Amino acid sequence: GILMGFTFAEKILAQKSGRSGVRAGEIVIAEPDIIMSHDNSSAIAKTFAEIGVSEVWNPDKIVIILDHVVPAASEKHAQNHKTVREFVIAQGIKNFYDINHGICHQVLPEKGHAVPGRLILGSDSHTTTYGAFGCFAAGIGRTETAAIWATGKLWLLCPQTYKILIKGKFPEGVFAKDVILYITGKSGADGADYRCVEFTGMAVADMSIDDRMLLCNMAAEMGAKAGVCMVDDTTRAWLMGHGVTEYEAVYSDADADYENVLEFDISSIEPQVACPHTVDNVKPVSEVEGVRIQQCLLGTCTNGRVSDLRLAAGILKGKKIAQGVRLIVLPASKEIYQEAMREGILETLSEAGAVICNPGCGPCLGAHQGVLAPGEVCLSTANRNFKGRMGCPNSEIYLASPATVAASAIEGAIADPRKYM
């Protein structure tokens with residue numbers, strides 16, 4: 001057959017495994033530029049100790065962030081954190097971010113680790129987020145993470161690549177979250193199983209880094225191994241603002257061998273809602289309007305950025321959330337928290353009746369700060385709505401954009417944000 005060009009995934013995995021050319025379907029032994037872990041680092045450290053190596057392979061390439069249950073919600077969590085703090089000191093790991101920094105997927109890019117062309121592996125399924133910066137970023141297991149700490153290497157199967165072409169202009173009241181929910185609904189929760197998904201097209205070119213992070217974050221909900229947006233002027237400006245100037249961006253060749261090209265025109269879609277209990281159970285807001293809710297969650301690594309909080313505050317300004325509804329707000333990082341504070345966003349949200357929590361993951365995984373009771377319904381900006389996700393198997397979670405969540409908090413039921421725009 002005719003020799004095709006190489007995909008982004010093939011190029012990065014070739015580079016990181018020291019090979020001249022790699023094709024999808026081949027196995028490589030690669031060294032990551034960064035290996036990330038969070039509160040699960042204490043469990044990883046236990047496995048690492050069992051391997052019998054006394055020192056990690058390279059402390060400078062290990063990033064550890066405490067974010068899942070911060071501050072500690074129990075003695076067990078406190079002990080976990082203590083174990084991690086002792087481990088990073090013993091191992092000389094400098095890139096350690098304690099409970100005052102925020103969510104790993106926001107903090108890692110802010111601190112200059114998500115550099116274009118890097119291979120980033122993390123013991124968290126939403127590690128795919130860093131693809132927004134032109135990284136090949138993939139979630140792995142705790143055992144694999146311990147193995148990398150010990151050896152600096154991991155075998156990876158080079159994935160096939162899907163190109164997702166997003167065309168058209170955003171309609172009023174429709175945001176990147178609606179777009180990715182729409183795409184996930186159409187392709188299914190395993191629609192891109194173990195693929196590298198490249199998000200491209202005019203709609204992506206127009207997107208902010210916040211929105212690209214959201215796309216790549218939720219690539220995980222399509223089963224993708226990695227999601228990526230190609231580096232452009234928007235990426236370069238964001239990186240420069242965070243002190244990152246030295247890198248070599250990687251791009252797919254024009255004649256790259258894509259397994260699939262999927263096209264989506266967003267110009268006529270309405271706001272979308274993922275219904276219980278799967279992320280691909282997606283309906284237009286008009287079909288679920290009026291569903292009573294007891295809790296709203298604004299934040300997480302999916303929609304906890306300043307643009308998200310600003311959007312919700314714009315809708316809630318001068319209004320009050322409905323009686324019988326709790327609106328919990330978690331900015332994704334300290335940087336975002338402080339910016340939202342300076343801009344008066346947190347004040348607006350608080351005046352509307354929101355509870356502002358510290359940056360972290362708490363309610364998203366049902367750890368603390370907003371666990372649901374049996375029979376309760378939550379509308380959330382997070383990325384997952386599986387049964388029991390928010391700590392209670394007999395509750396229901398709907399997912400939507402910050403605008404839809406803000407509008408719904410006002411009405412005490414799922415509402416169309418367009419009437420507030």
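Modeller: Start with the elements: helices (H or I, at least four residues) and strands (E, at least two) are DSSP runs, numbered from the N terminus. The model is predicted, so local features need pLDDT of at least 70, side-chain atom pairs count only at pLDDT 80 or more, and totals for chains, interfaces and linings use all residues. Residues are numbered from 1 along each chain as its sequence is written, and side-chain values use heavy atoms, with hydrogens and water left out.

Colleague: Is Ser42 buried or exposed?

Modeller: The scale first. Buried means under 20% relative accessible area, exposed means over 50%, and partly exposed is in between (1.4 Å probe, protein chains only). Ser42 has 10% relative accessibility, so it counts as buried.

Colleague: Which residues does Ser42 touch?

Modeller: Contact means heavy atoms within 4.5 Å. Not counting residues up to four places away in sequence, Ser42 touches Asn80, Thr83 and Val84.

Colleague: On to helix packing. How do helix 2 and helix 3 pack?

Modeller: Two packed helices are described by the angle between their axes and the distance between the axes. Axes are lines fitted to C-alpha atoms, for helices over the stretch in contact; angles run from 0 to 180 degrees between N-to-C directions. For helix 2 and helix 3, the angle is about 55° and the axes are 8 Å apart. Therefore helix 2 is oblique to helix 3. The classes are: under 35 degrees roughly parallel, over 145 roughly antiparallel, 65 to 115 roughly perpendicular, and the rest oblique.

Colleague: Is the crossing of helix 2 and helix 3 left-handed or right-handed?

Modeller: A crossing is left-handed if the near helix is turned anticlockwise from the far one by less than a right angle, and right-handed if clockwise. The crossing of helix 2 and helix 3 is left-handed. Helix 2 contributes Ser41, Ser42, Ala45 and Phe48 to the contact, and helix 3 contributes Asn80, Thr83, Val84, Phe87 and Gln91.

Colleague: And helix 6 with helix 8: what are the angle and the axis distance?

Modeller: Helix 6 and helix 8 (residues 209-219) pack at about 25°, and their axes lie 9 Å apart. So helix 6 is roughly parallel to helix 8. Their crossing is right-handed. On the helix 6 side, Ala176, Lys177, Ile180 and Leu181 make the contact; on the helix 8 side, Asp211, Leu214, Leu215 and Met218 do.

Colleague: Now the rings. How many aromatic pairs are there in the whole structure?

Modeller: A pair of aromatic rings is described by the distance of the centres and the angle of the planes. Rings of Phe, Tyr and Trp (its six-membered ring) pair if their centres lie within 6.5 Å; planes under 30 degrees apart count as stacked, over 60 as edge-to-face, and the rest as tilted. The search finds five aromatic pairs. One of them is Phe87 with Trp149, stacked at 5.0 Å centre to centre, with 20° between the planes.

Colleague: Which parts does that pair tie together?

Modeller: Phe87 sits in helix 3 (residues 75-91) and Trp149 in helix 5 (residues 142-151), so the pair ties together parts that are 62 residues apart in sequence. Both Phe87 and Trp149 are buried. Another pair, Tyr182 with Phe264, is edge-to-face: 6.3 Å centre to centre, 80° between the planes. Tyr182 lies in helix 6 (residues 176-187) and Phe264 in strand 11 (residues 260-265), 82 residues apart. Phe264, at 11% relative accessibility, is buried.

Colleague: Which residues form one aromatic cluster?

Modeller: Phe48, Phe87 and Trp149 do.

Colleague: Back to helix 5. What covers its buried residues?

Modeller: The buried residues of helix 5 are Thr145, Ala146, Ile148, Trp149 and Ala150. Their cover includes helix 2, helix 3, strand 2 (34-37), strand 3 (62-65), strand 5 (119-122) and strand 7 (154-157). Gly152 follows helix 5 with a positive phi, near 80°.

Colleague: Which residues does a cis peptide bond join?

Modeller: Pro276 and His277, with omega about -5°. His277 is in the loop between strand 12 (272-274) and strand 13 (282-284).
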